[in-house]
Amino acid sequence: MSAEKIGEGVEHITTSGKFEIDGNSFDVDNNVWIIGDSSEVVLLDAPHDAEAIKSAVGDRNVVAILCTHSHNDHVNAAPAIAAAFDAPILLNPADRVVWDLTYPDREPDGEITDGETFTIAGIDLRAIHTPGHSPGSTVFYAPDIGTLFSGDTLFNGGPGATGPSYSDFNVLIEQLADKVFSLPGDTIVRTGHGDTTKVGDEAARLEEYRERGY
């Protein structure tokens, strides 16, 4: 599978599989964001289909797999990708309780801390800890290209779901209001599932989010 080039240093593929939590299973399509250039990349999440991801990466070096969070549908191809490219899997440590639901015998290779910046191909990705969808959920802000990679913290039309275990709707709303909606309104939001949106468009819906709940 070849990746679609959608902007400076950003490529995209979609993989499909199951999201499994609390004894339930759901069919899902996941966005995989590949950030970098012709020689090296980072992956934002590694869901479902290791072969498709490997094909999209090709012969480039994978510097790291940056996990937005560790629900199984975002990390279930991560160990295979890590082994294929000798790349570390990095995760905010607050999400370890969720990671262990899928990989009780395999630790992440390193931690992502709030405010940490990863630089790849001249693009800075700043990690912003946004708990709520899961305890360690993290978004990655790339100011140089006006883009936020939101994982499942924010979608086009609403916040991430907070029905699963270890989720908290009120905490998520606080994180969006304080940390995400303070970013420039024209920032493009590239999500973990579904279509892109903009920070300003979603910020305008904040009160609707509060009333509707998720």
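**Close-up views: sheet pairing and the cavity**

**View 1. Strand β11 (residues 147-151) pairs with strand β14 (residues 188-191) in the parallel sense over four bridges.** Strands are DSSP runs of E with at least two residues, numbered from the N terminus, and two strands pair if DSSP finds at least two bridges between them. Gly151 has Thr191 in β14 as its bridge partner. This is a predicted model, in which local features need pLDDT of at least 70 and side-chain atom pairs count only at pLDDT 80 or more, while totals for chains, interfaces and linings use all residues. Residues are numbered from 1 along each chain as its sequence is written, and side-chain values use heavy atoms, with hydrogens and water left out.

**View 2. Six strands make up an open sheet with mixed pairing.** The order is β8-β9-β10-β11-β14-β15. At the edges stand β8 and β15 (197-198), each of which pairs on one side only.

**View 3. β8 (residues 117-120) and β9 (residues 123-129) form a hairpin.** Their pairing is antiparallel, over four bridges, and Ile120 stands opposite Ile123 in β9. Two residues lie between the strands, and Ala121 in the turn has a positive phi of about 55°.

**View 4. The structure holds one cavity of 30 Å³ or more.** A cavity is a set of points, on a 1 Å grid over the protein atoms alone, where a 1.4 Å probe fits but cannot get out; lining residues have an atom within 4 Å of a point. The lining of the largest cavity includes Trp33, Asp45, Phe149, Gly151 and Thr191. β3 (24-36) and β11 are the elements that give two or more residues to this lining.

Notes:
1 Å grid on protein atoms, 1.4 Å probe; cavity = no way out; pocket = protein on both sides within 12 Å on 5 of 7 lines; lining within 4 Å. Points joined across faces, edges and corners; volume = space filled by probe spheres on them.
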